[in-house]
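This report concerns the packing of a two-chain model and the contacts between its chains.

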Amino acid sequence: MVGKIIVLLLRLVVAGVFLYAGVMKIWDFKHGQSATPDFTVAIQHFEILPYPDLAVMLAFYLPWLEAISALALFVRRLALGAATAITGMTAIFLIALASAWHRGLDISCGCFGKDEVSTNYPTLLLRDGLLLAAALVLVWRECKTAAPARDA
Amino acid sequence: MKRALRQLAIVLALALVPALVSGAIQVQWNSETPTSHGEVTLAMIHNWGDKVLWVDARTRSKYDHAHIPGAILLNEDEWDSLISPFLDAWDPDVPVVVYCDGGSCDASHAVADRLRKEYPQVTKLHVLKGGWSAWSGK
């Protein structure tokens with residue numbers, strides 16, 4: 001019982017964080033306009049992608065993937081896939097952050113839309129490490145509770 | 001494993017639909033379409049607030065004639081003499097936006113590329129889409 005409550009709380013927290021992050025990168029509520037251009041610039045600041053156009057495509061796609069994955073965490077037939085997607089995104093973002101920190105880049109992470117504050121790497125890495133752990137718990141839980149009937 | 005991959009594929013595909021729709025809408029109707037090659041639009045810069053270091057990559061004669069208020073001159077012809085004033089004005093926390101005439105001019109990209117190569121610490125570096133023409137409304 002306690003385990004179920006903990007998993008439910010983890011699901012709510014992870015879904016809440018990713019839904020908020022996705023929506024804030026889709027729409028800039030402060031200025032009433034698309035947030036995609038600012039997210040594109042935030043991605044370009046990481047200087048990881050080989051082609052600038054990839055940043056544009058990712059800026060269109062990633063926020064929706066975050067939001068859809070967050071909602072899909074509550075859909076029984078999609079929960080495992082959503083948890084896997086969230087785990088993958090968080091792991092990739094952790095690597096990108098660590099790489100930027102290693103190269104001494106002073107950038108905004110763009111995690112929750114427009115962000116004027118420079119990235120505090122230790123705090124961000126800790127936060128995303130905790131998110132990754134929570135997402136892995138959800139993946140493990142979904143695998144564990146998988147019933148053969150689900151696949152049928 | 002198979003189930004995870006199948007569900008993951010569905011989630012990835014579900015996200016692709018609104019992404020493509022919103023992308024198509026923005027590309028077709030919204031002037032704030034994201035730009036590639038490190039370019040930013042005037043509207044994006046306005047949203048950053050007033051903290052921008054403008055760099056004029058045009059010739060000195062054009063700069064002397066008219067330039068964006070507060071802009072400093074930095075072009076490839078006078079690079080050696082102009083780079084010091086630029087570095088003095090540069091603040092790591094303030095985005096740098098380079099511009100040239102606009103249209104098909106390449107000077108802003110050339111200056112931005114050289115800054116990236118020679119001064120990798122200048123990370124918040126952009127090129128103004130449309131250049132001086134976009135600023136002056138010509």
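Which residues does A:Ala82 touch, not counting residues up to four places away in sequence? Its partners are A:Ser69, A:Ala72, A:Leu73 and B:Val11, where contact denotes C-beta atoms, placed from the backbone, within 7 Å.

The model is predicted: local features need pLDDT of at least 70, side-chain atom pairs count only at pLDDT 80 or more, and totals for chains, interfaces and linings use all residues. Residues are numbered from 1 along each chain as its sequence is written, with chains lettered from A and ligands numbered from 1 in the order in which they are written.

The largest nonpolar core holds 61 residues, of which A:Val14, A:Ala82, B:Val11 and B:Val98 touch the most other members. Such a core is a set of buried Ala, Val, Leu, Ile, Met, Phe, Trp, Tyr and Cys residues joined through C-beta atoms within 7 Å; buried means that 20 or more other C-beta atoms lie within 10 Å of a residue's own. Helix α3 (residues 52-72) of chain A supplies the largest share, eleven residues; helices are DSSP runs (H or I) of at least four residues.

In the interface, 33 residues of chain A meet 27 residues of chain B. Helix α3(A) gives the most to the side of chain A that touches chain B, with eleven residues. That side divides as follows.

| Class (side of chain A touching chain B) | Residues |
|---|---|
| nonpolar | 18 residues |
| polar | eleven residues |

Ala, Val, Leu, Ile, Met, Phe, Trp, Tyr, Cys and Pro count as nonpolar, Asp, Glu, Lys and Arg as charged, and the others, Gly among them, as polar.

Methods:
A residue is buried if 20 or more other C-beta atoms lie within 10 Å of its own, exposed if 12 or fewer, and partly exposed in between; C-beta atoms are placed from the backbone. Helices (H or I, at least four residues) and strands (E, at least two) are DSSP runs, numbered from the N terminus. Two residues are in contact if their C-beta atoms, placed from the backbone, lie within 7 Å.
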